[in-house]
Amino acid sequence: MTDELLFYRQTDYNIKDLENIVDDIFKKNQLKDKLDEKKVLLKVNLLMGKSPDEAITTNPDFVIAVARTIKKYGGQPYLADSPGGPFNKTSLKFAYSKSGYIEPAEAGEYDLNYNSEYFNLESLEGYRAKSFKICSFVKEADLIINLPKLKTHGLTLYTGAIKNLFGLVPGITKAEYHLKLQKINDFCHMLLDLHEVITPDLTIMDGILGMEGDGPSSGVARKFNTVFASSNAIDMDIVISYLLRKDKYKNDPWPEAISERGLAIDFDKGIIPDWVLENFQDVKTPKVDKASNLIDRRLPEPISKFIEKFIRPEPIILDNCIACGICAKNCPAKVITIKNKAEIDLSGCIRCFCCQELCPHNAVEIKYPLLGKLLF
Ligand code: SF4
Ligand code: SF4
């Protein structure tokens with residue numbers, strides 16, 4: 001494997017083109033000879049069942065190209081993830097179907113996971129998590145290829161290579177981590193702990209049609225026209241953090257947590273081709289990180305508690321809520337009740353924004369108080 005970050009210009013999901021790209025990635029990472037008879041986990045981003053056009057999930061044609069290339073070298077690909085909400089065969093089948101993963105599986109492109117068991121994995125050296133509940137489908141893998149979708153994120157600003165691993169934690173168990181680790185910095189460290197104990201062999205980022213604005217599910221699809229690949233997920237996230245935020249990236253959640261672990265977040269900007277810089281001009285990123293970071297990390301607690309209500313963003317339920325209850329089931333703080341529509345008790349809300357992330361109807365908006373807007 002090489003730590004080198006690879007960039008490929010690709011403007012659509014033409015499978016043949018993508019197979020050529022993946023072949024080159026495998027060649028440069030000396031993977032071709034390591035795949036024979038190996039079971040390879042394709043860890044997609046299946047946040048929820050959504051059409052590929054909405055740019056929320058890893059595109060199925062992108063997955064097909066990776067799966068075909070694995071099979072070309074004798075490997076056996078299987079696709080797995082744990083979306084938000086219940087983790088069982090019925091919910092998986094629904095999410096697979098909506099996201100376009102079933103047809104390719106039925107055509108023999110790859111296997112689909114329906115195992116919803118999980119196990120405990122120790123992480124004794126972890127900064128914030130000493131153990132994890134992990135989906136058992138991981139145990140079947142000889143190799144893990146991480147296939148994230150490039151999106152902005154209301155809590156961590158960006159959801160990429162490292163954040164994609166949170167899908168290894170089963171279903172609503174994810175809420176326990178939000179509840180225990182309410183500060184963004186702690187949450188990022190927990191995910192870096194997870195990456196320490198389950199490190200993908202390779203990450204190939206679906207950055208062709210990504211998302212900007214209120215990601216990871218309520219933002220706007222945006223063409224970045226770029227495929228990224230590296231065996232080093234952390235380096236990839238640093239470079240993409242830079243692409244999203246340019247000179248401001250060092251104080252953003254991921255680079256900050258990574259640097260606190262003694263890892264370098266400076267890199268030679270010369271490694272980024274000019275065409276990639278052009279593809280990432282004027283990206284709209286969420287504002288929530290700035291207020292939360294200020295409150296959580298930069299001010300003494302009594303002051304932060306006082307000013308919180310004046311600057312901290314809050315989730316608001318919109319009129320198109322159909323009272324389906326998905327947000328209430330996934331709210332870590334259990335502060336959502338369902339009446340004619342969902343209602344949030346903001347006094348207990350921990351601002352994890354899972355409700356916005358998982359609402360299938362885009363009926364949750366993040367509202368910024370006036371002072372917060374002026375400050376940030
Ligand atoms: S806000 Fe969304 S997830 Fe929550 S009840 Fe309404 S429609 Fe369902
Ligand atoms: S209401 Fe939304 S943002 Fe608040 S704790 Fe529940 S899921 Fe998180």
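1. In which strand does glutamate 212 lie? In this predicted model, glutamate 212 belongs to strand β10, which covers residues 202-212. Its relative accessible area is 9%, and since anything under 20% is called buried, glutamate 212 counts as buried. Lysine 284 stands 72 residues away from glutamate 212 along the chain, yet the C-alpha atoms of the two are separated by 5.4 Å.

2. Lysine 248 is placed in the loop between α7 and α8. With a relative accessible area of 54%, lysine 248 is exposed, because the limit for that word is over 50%. From lysine 248 to glycine 270 there are 22 residues in sequence and 18 Å in space, taken C-alpha to C-alpha. Asparagine 120 is part of strand β5, residues 118-122, and at 59% relative accessibility asparagine 120 is exposed. Asparagine 120 and isoleucine 184 are 64 residues apart in sequence, with 24 Å between their C-alpha atoms.

3. Next come the aromatic rings. The count of aromatic pairs is 10. One of them joins phenylalanine 166 and tyrosine 177: the ring centres are 6.1 Å apart and the planes stand at 85 degrees, so this pair is edge-to-face. The reasoning rests on two limits, because ring centres must lie within 6.5 Å to pair and planes over 60 degrees apart count as edge-to-face. The pair links distant parts of the chain, 11 residues apart: phenylalanine 166 is in the loop between β9 (157-159) and α5 (174-180), and tyrosine 177 is in helix α5. Phenylalanine 166 has a relative accessible area of 4% and is buried. Tyrosine 177, at 7%, is buried too.

4. A further edge-to-face pair is formed by tyrosine 242 and phenylalanine 267, whose ring centres are 5.5 Å apart and whose planes are at 80 degrees. Tyrosine 242 sits in helix α7 (residues 233-245), and phenylalanine 267 in the loop between α8 (253-260) and α9 (274-279).

5. Which residues form one aromatic cluster? The members are Phe7, Phe224, Phe228 and Phe280.

6. Two lysines lie over the faces of aromatic rings. Lysine 139 is over the face of phenylalanine 119, at 4.4 Å from the ring centre. Lysine 180 is over the face of tyrosine 177, at 5.6 Å from the ring centre.

7. Where does ligand 1 sit? Ligand 1 is in the second largest cavity. There are 14 residues around ligand 1, and those that come nearest are Cys321, Cys324, Gly325, Cys327 and Cys359. Sorted by class, the shell of ligand 1 holds 12 nonpolar and 2 polar residues, and no charged ones.

8. Ligand 2 is surrounded by 14 residues, of which Cys331, Cys349, Cys352, Phe353 and Cys355 are the closest. How does the shell around ligand 2 divide by class, and how many of its residues are charged? It has 13 nonpolar residues, no polar ones and 1 charged.

9. The last two points concern the backbone. Most peptide bonds are trans. The bond from glycine 215 to proline 216 is cis, with omega near 15 degrees. Proline 216 is in the loop between β10 and β11 (220-230). Strand β10 is also the strand that holds glutamate 212.

10. Most residues other than glycine have a negative phi. Asparagine 225 has a positive phi, near 55 degrees. Asparagine 225 is placed in strand β11, and its relative accessible area of 15% makes it buried. Asparagine 362 also has a positive phi, near 50 degrees. Asparagine 362 is in the loop between α13 (354-358) and β15 (364-367). Is asparagine 362 buried, exposed or partly exposed? At 38% relative accessibility, asparagine 362 counts as partly exposed, because this value falls between the limits of 20% and 50%.

Conventions. Residues numbered from 1 in each chain as written. Chains lettered and ligands numbered in written order. Predicted model: local features only at pLDDT ≥ 70, side-chain atom pairs only at ≥ 80, totals over all residues. Heavy atoms only, no water. Phe/Tyr/Trp six-rings, centres within 6.5 Å; stacked < 30°, edge-to-face > 60°. Helix = DSSP H or I, 4+ residues; strand = E, 2+ residues; numbered from the N terminus. Buried < 20%, exposed > 50% of the residue type's maximum accessible area, 1.4 Å probe, protein only. Lys NZ or Arg CZ within 6 Å of the ring centre and 35° of its normal. Near = heavy atom within 4 Å. 1 Å grid on protein atoms, 1.4 Å probe; cavity = no way out; pocket = protein on both sides within 12 Å on 5 of 7 lines; lining within 4 Å. Sits in = over half its atoms within 2 Å of the grid points. Nonpolar A, V, L, I, M, F, W, Y, C, P; charged D, E, K, R; others polar.
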